[in-house]
Amino acid sequence: MRRAISPALALLLCAGPGLAQGRTTPAAPPSPLPVARITLFNSGVSYTERSGQVEGDATVPLTFRTAQINDILKSMVLLDAGGKVQPAVYAAKDPVSHALRSFAIDVTENLDLRTLLDRLRGVLLRVDVRGRAVTGRLAGVEQRQNPRDARQPVETVANLLTDRGLVSVAVQTGGQVRILDERLDQEFRDALALLATGNDEQRRQVTLRFAGQGKRQVRVGYVTEAPLWKMSYRLVLGGKGDAKPYLQGWAHVENTSDDDWNGVALSLVSGRPVSFIQDLYQPLYLPRPVVGPDVVASAYPQTHGSNLLEDKKPAAPPVAGAPDNGPAGPGGTGGFGGGMGGMGGGVALKRSAGRSAAPMAGRDMVESLSDAAAESVEAQASGQQAGELFKYDIATPLTLPRQQAAMIPVIAGGVDAEKVSIYNADTGPRYPLNAIRIKNNTGLHLKGGPITVFDEETYAGDAKMEDVPKGDTRYISYAVDLSVEGDRRDPGGSAEEVTSFLRRGVLTCTRTETRRTEYTLKSRAEKPRTVIVEQPILPEFALAEPKEPSERTGDRYRFTVTLEPGKSQTLKVVETRPVSEVVGILDVPIDQLTLWVSRPSVGPKLKAALEKIVASRARVRDLQAQAAAKDEEIKGITADQDRVRQNMQQLDRNSDLYKRYVKQLDEQETRMQTLRTEAGALRKQAGEADQALRAEIDALSID
């Protein structure tokens, strides 16, 4: 964080000789360890190796950007052939605010004059104002209004204890304050110098030390942040004969470092090693907690993906008429050229051996440029495994000034490629895409990047290719195929019962749910077309028709359809999934259980058992219903008795109506007793029948 110097500090800086003088650092001599090798990775870092000769006990200063120091401290490797590596030395980066507090005068804040003088109370000072010099110890500071002119700003007044007593001095602009205590004055100067160092955050020096005798070779390697290196490709189709299509790959690298690369051995690593920054340069101070648990950071989640099916497809036949490009892989020669040419208004590319590059007109001019490029471009990389990664070693040492970039041909040769069309109704419901199925037989790991396709000597389109390991295949789509039209229909689905079984009172019916998709493709091309139909994978469904896809990725099936010129073809895709319906036969209504008996998946034995269970449940239900009916009759009699008793309270006991009510109550009591007996008997029968039914069901196991 940049700290501004306040006017108060400026006032003090001008007081003492040499206080405001900056300390200059001599320029570092040229490093005896020039850059010898650079390895660029896809994780945003590079590995730099320096090497050179030292003699005797040697010190080698290296200067780095401050932002690089943490990577340097984390990754630096030192080697001394015939000597001993000594500890490397670098300036500690103690937090400025923390270091400033250790000085007698704390200048961590932007101080005004009054606050700064207040921190110097008791210090021997000399104050010079308007030619008047006063020397004494500072007793205090106050703000005072000018008594002669109230319009003047408030003055800062220093009260000094001198030999003559207390003297008040107004410290005004243009005055000087000098600290006469040499120790305190030096600490104040050191604090300001340290504050100034916090403003220079651009460069830091690391001093390497080697101990030994005589001349010998030393090396140092380290990891620093670097731009990602990139790849771009050119794929040429449409040659003659049985030659393979021609693939050319260019690596794009940038030298954003502070050193020129002069004859540097360059390697490009394809892969994604884990790389992170940890602050090792900044000293860390841990506060002592009062109470608190240990905090451990959680691990980052990882994701992984791969092709799920073995590639059983034979090597793709070469595209008819593809150019003869010579052998594939490192060392293979070839290339292509192109220019905006007359015929067709496109970019024409063509290879033919032995032609001269004499100037021509129109299309012949373009062909001659292509021939010249093919003869002059050669792959300059060899490939090899580097642990779990793949490395391109550039054969020719690279010279690249700082802040410059370069394109390096690393792949030039033939590849196995097949023209296809890819139809995915979710991305293009009507037309498929022109695509190339590439098999990587270059012997190198193909890093992902853009690829420009040329067909029949004309620019055909651009595509994007993912990483392709050796021997693997990828599709790249580069244009809309207007010669093939497609359509997808979802006729719907159906469900067919398969089996039903009964175990311990649980009835399970398994049925198969079917999902059908129908693709119709029609070709208007003049040649046969191979169309790859892609369909999303539903995890719960299994593929039934066709029995196997041509390919399967993590989220889609691929089916191969061959279209004859002017013909149409239909592809039917059927997917199925099992669905089970489970019910307890004592929990569902009897009417629903009766419907199960008529299902086609219910066999004769299970059907007979279910019919018996339905009859037994119906008998239990009837007995329970009869008992409930008698309970309802008892409730009706009880309600009527309440009415009669209320009427009897208003009658004379000797009246005829009263006597008739007595007789009626007697008859009702007799009836209720009978009903209670009958209802109890019915409930007992229902309970016994229900227990017998449950015991029978528990013993049943019918498939």
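Begin by selecting Val 264, which stands opposite Leu 398 in β20. The model is predicted, and for that reason local features need pLDDT of at least 70 and side-chain atom pairs count only at pLDDT 80 or more, while totals for chains, interfaces and linings use all residues. Residues are numbered from 1 along each chain as its sequence is written, and side-chain values use heavy atoms, with hydrogens and water left out.

Now select residues 261–270, which make up strand β15. Helices (H or I, at least four residues) and strands (E, at least two) are DSSP runs numbered from the N terminus, and two strands pair if DSSP finds at least two bridges between them. Between β15 and strand β20 (residues 398–400) the pairing is antiparallel, over 2 bridges. Of the 10 residues of β15, 7 are buried, so the strand is largely enclosed by the rest of the structure. Buried means under 20% relative accessible area, exposed means over 50%, and partly exposed lies in between (1.4 Å probe, protein chains only).

**The whole protein**

Zoom out to the protein, which has 9 helices and 34 strands, and in which 41% of the 703 residues are buried. Among contacts (heavy atoms within 4.5 Å) between residues at least 6 apart in sequence, 72% join residues at least 24 apart.

Next, select Val 533 in strand β29 (residues 529–536), which counts as buried because its relative accessibility is 0%. Not counting residues up to four places away in sequence, Val 533 touches Tyr 423, Tyr 519, Leu 521, Tyr 557, Arg 558, Phe 559, Val 561 and Leu 571. From Val 533 to Tyr 557 the separation is 24 residues in sequence and 8.0 Å in space, C-alpha to C-alpha.

**Helix α7**

Move to helix α7 (residues 590–597), whose buried residues are Ile 590, Leu 593, Trp 596 and Val 597. These cover an arc of only 105° around the axis, which puts them on the same side of α7; the arc is that of the directions from the helix axis to the C-beta atoms. To see what they pack against, display β28 (506–523), β33 (568–584) and α8 (604–648). The face of α7 turned away from its buried side carries the exposed residues Asp 591 and Leu 595.

**Backbone stops in the loops**

Most residues other than glycine have a negative phi, and most peptide bonds are trans. Select Gln 403, in the loop between β20 and β21 (404–414), where phi is positive, near 60°; Gln 403 is partly exposed, with a relative accessible area of 45%. Then go to Arg 504, in the loop between β27 and β28, which has a positive phi of about 50° and is exposed at 62% relative accessible area. Finally, Glu 545 and Pro 546 are joined by a cis peptide bond with omega about -10°, and Pro 546 lies in the loop between β30 (542–545) and β31 (551–552).

**A last stop on the surface**

Select Leu 482, in the loop between β26 (473–480) and β27 (484–503), which is exposed, with a relative accessible area of 59%.
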